[in-house]
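Take your time at each stop before moving on.

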Amino acid sequence: MDGMHPINVRIPSYFISRDGRKHIEFVLDVEAKKPPTSKLLQHWTVHRRYNQFVKLHEKLKKRFPRVTLPELPPKKVVRSMDPNYLENKKKLLEVYLQTLVALQDVSTCEDFTEFLEWSRRDFSLRDTDDMSMNGSILVPDEEDEECDHKAELEKACQRIRELEFELDATMREKTDIHRSLASAHSQLSDVRGQKKLLVREVKRLRTVLEEIAGHALANDFQSVRAVVDSLTCDEPSEEPVE
């Protein structure tokens, strides 16, 4: 790159790519001016996997052994498609790129510009009779116009992939909800079964209690009768009067 080119890099989103093995690709939103004094701002998007970030980091460490480079977010041992994990990883990768952009020697080196596909973006300077205040204006050449069309197509494809990712997440949530409902239904069936068993047990206990109460009353009656009989037997008999 000739001279310093102000660059702004963001990672607004990511998507699940089904190109070959299912994997995550992060969407890099790049803005740059060439030359720095230009008012013409070019914008394009680049899709990068995490392993491509790792390769870039290794190249930069070899090229700039004395420069303190930012750390990459660690790689998870087990690949995760969890949205919260991916959202946090996206933010950490964005901070990583923005830190590299702030390092002038790093942000202008070939490895970094290739990573951002800078070499595919170019401008041409053309003098005109209808001069601007600076005596010249910057206009994109035919190749740049083609790149703009490709960028728009990339945006459309990116949006489609994002919608596919959202649909995939929605389907997973729907599946989880169905599983939760099935589990709740099963638990409810178990509770109803347990309720029936309890009702039967209560009825059985009630019958037993009634039987016990019946026996107790019968025994009490017999006891009272025995007492009465004993008292009757103990009364003295009246002697007949002559």
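The stops below go from the whole chain to single residues.

**Before you start**

This is a predicted model, in which local features need pLDDT of at least 70 and side-chain atom pairs count only at pLDDT 80 or more, while totals for chains, interfaces and linings use all residues. Residues are numbered from 1 along each chain as its sequence is written, and side-chain values use heavy atoms, with hydrogens and water left out.

**Stop 1: the whole chain**

Show the protein chain as a cartoon, and you will find 5 helices and 5 strands; helices (H or I, at least four residues) and strands (E, at least two) are DSSP runs, numbered from the N terminus. Read along the sequence, these elements follow the pattern β-β-β-α-α-α-α-β-β-α. Of the 242 residues, 28% count as buried, where buried means under 20% relative accessible area, exposed means over 50%, and partly exposed lies in between, with a 1.4 Å probe and protein chains only.

Now colour the chain by pLDDT, the predictor's confidence in each residue, from 0 to 100. The mean for the protein chain is 77, and 73% of its residues reach 70 or more. Confidence is highest in α1, at a mean of 96, and lowest in β4, at 34. Select residues 123-141, where pLDDT stays under 50 and the model has 28 contacts beyond four places in sequence, a contact being heavy atoms within 4.5 Å. Where pLDDT is low, the predicted coordinates should not be read in detail.

**Stop 2**

Select β1 and β2, which pair in the antiparallel sense over 9 bridges; two strands pair if DSSP finds at least two bridges between them. S17 stands opposite H23 in β2. The hairpin has 5 residues between its strands, and G20 takes a positive phi near 80 degrees there. Strand β1 is mostly covered, for 8 of its 11 residues are buried.

Next, show the side chains of R10 and D29, which form a salt bridge with their closest N and O atoms 3.5 Å apart; the term stands for a side-chain nitrogen of Lys or Arg within 4 Å of a carboxyl oxygen of Asp or Glu. R10 belongs to strand β1 (residues 7-17) and D29 to strand β2 (residues 23-33), so that the pair, 19 residues apart, links distant parts of the chain. R10 is partly exposed, at 36% relative accessibility, whereas D29 is buried, at 17%.

**Stop 3**

By the same rule the count comes to 6 salt bridges. Select E117 and R48, whose side chains meet in one of them at 3.6 Å, N to O. E117 is in the loop between α4 (110-115) and β4 (124-126), R48 is in strand β3 (residues 41-48), and the two are 69 residues apart. Are these residues buried or exposed? E117 is buried, with a relative accessible area of 12%, and R48 is buried too, at 11%.

Move to K61 and E58, whose side chains meet in a salt bridge of 3.5 Å, N to O. Because they are 3 residues apart in helix α1 (residues 50-63), K61 and E58 are separated by about one helical turn. K61 is partly exposed, with a relative accessible area of 40%, and E58 is partly exposed at 37%.

**Stop 4: the nonpolar core**

Select L28, F53, L60, L97 and L100, which have the most contacts inside the largest nonpolar core, a group of 31 residues. Such a core is a set of buried Ala, Val, Leu, Ile, Met, Phe, Trp, Tyr and Cys residues joined through side-chain atoms within 4.5 Å. The elements that give two or more residues to this core are β1, β2, β3, α1, α2 (83-102) and α4, and its largest share, 6 residues, comes from α2. In soluble globular proteins, nonpolar side chains tend to be buried together.

Centre on L60: leaving aside its neighbours within four places in sequence, L60 is in contact with L69, Y96, L100, V106, C109 and D111.

**Stop 5**

Select W118, found in the loop between α4 and β4 and buried at 8% relative accessibility. Its C-alpha atom is separated by 9.0 Å from that of A32, 86 residues apart along the chain.

Finish at S107, which lies in helix α3 (residues 104-107) and is buried, with a relative accessible area of 7%. A polar atom of the S107 side chain lies 3.1 Å from the backbone oxygen of Q104, and the backbone oxygen of V101 lies 3.5 Å from a polar atom of that side chain.

Technical notes. A polar contact is a pair of N or O atoms within 3.5 Å; within protein, one must be able to donate a hydrogen and the other to accept it, and residues adjacent in sequence count only if both atoms are side-chain atoms.
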